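My entries follow the structure.

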Amino acid sequence: MRYVIANWKMYPQRREDALRIFGDTVAMMGAMRGIRVAICPPFVWLPVVSSLAKSTVWLGAQDSGWADEGAFTGEISPTMLKNIGCRLVIVGHSERRTHVAESQEIIRKKTVATLRAGLFAVLCVGEQQREGEWEKEILEQTRSAIADIAQDNIQRLLIAYEPVWAVGTGKADSPKDTVTSILLVRRVLKDKFGAAAAEQMPVLYGGSINAQNIHGFAVEPEIGGFLVGHGSLDAGEFSKIVMAARLKEET
Ligand code: PGA
């Protein structure tokens, strides 16, 4: 089973466009085996499109608060997200780390809160640049983010390896180097959760995936799926990515 997660970022600006893109994407998916798709629109569009989500195309959120309730002006809790039909939350995306200075501590708390609410968490990790001690950066970021996760909840934990230099730049990583980095992430998962559990845990790739370059990644069984930003805003392009991402033996 592979996961393909659409991250719409701060698009589109209009309600009717959100409805159209979501509706068209669902219509193009049809019945699919071997793949699970989730679409993560901006918060305000979640209730607008939620009735269009299906068992084959989940609704997801791009972020969540770290607490279940309380005096946290402007925050949205994982329980609220679950209540309006979300199944999954992206946690620790590099744009949040960069633009709103989301700390490792907050990311750790958000991951725990998301899993505790019964949602899937897509935890993003990745180096800034592929230079210097970049491998150490991946190892330490992953170790810190998963530190407080209880073993009972790991069936709903997905990791997205997203090298920051590849996100939104049009410069995807190479499939071979992606696999090398995913194995680093998996080493940390093994230390924390044990080899058997870590082997099962999907580690996705994200960063400038499109309908052309997906084919090179799709043949690597170590890659557990894809987190797709710009390539998910066009239903036609996104459905090509999803079709290519399916594991051949499961289709
Ligand atoms: P991109 O974004 O596909 O536009 O590089 C990836 C992401 O938002 O995670």
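**Ligand.** I looked up polar contacts, which are pairs of N or O atoms within 3.5 Å. An N or O atom in the side chain of His 93 is 2.9 Å from an oxygen atom of the ligand. For Glu 162, a polar side-chain atom lies 2.6 Å from a ligand oxygen. Gly 168 contributes a polar backbone atom, 2.6 Å from an oxygen atom of the ligand. I then listed the 13 residues around the ligand, those with a heavy atom within 4 Å of it; Lys 9, Glu 162, Gly 168, Ser 208 and His 230 come nearest.

**Source.** I note that this model is predicted, with pLDDT of at least 70 needed for local features and 80 or more for side-chain atom pairs, while totals for chains, interfaces and linings use all residues. Residues are numbered from 1 along each chain, and side-chain values use heavy atoms, without hydrogens and water.

**Cysteines.** How many disulfides are there, taking a disulfide as a pair of cysteine sulfur atoms within 2.5 Å? I found a count of zero. The sulfur of Cys 40 has its closest cysteine sulfur in Cys 86, and at 7.6 Å this is too far for a bond. I also checked whether each is buried (under 20% relative accessible area, 1.4 Å probe, protein chains only) or exposed (over 50%), with partly exposed in between. Cys 40 is buried, at 0% relative accessible area, and Cys 86 is buried, at 2%.

Conventions. A disulfide is a pair of cysteine sulfur atoms within 2.5 Å. A polar contact is a pair of N or O atoms within 3.5 Å; within protein, one must be able to donate a hydrogen and the other to accept it, and residues adjacent in sequence count only if both atoms are side-chain atoms.
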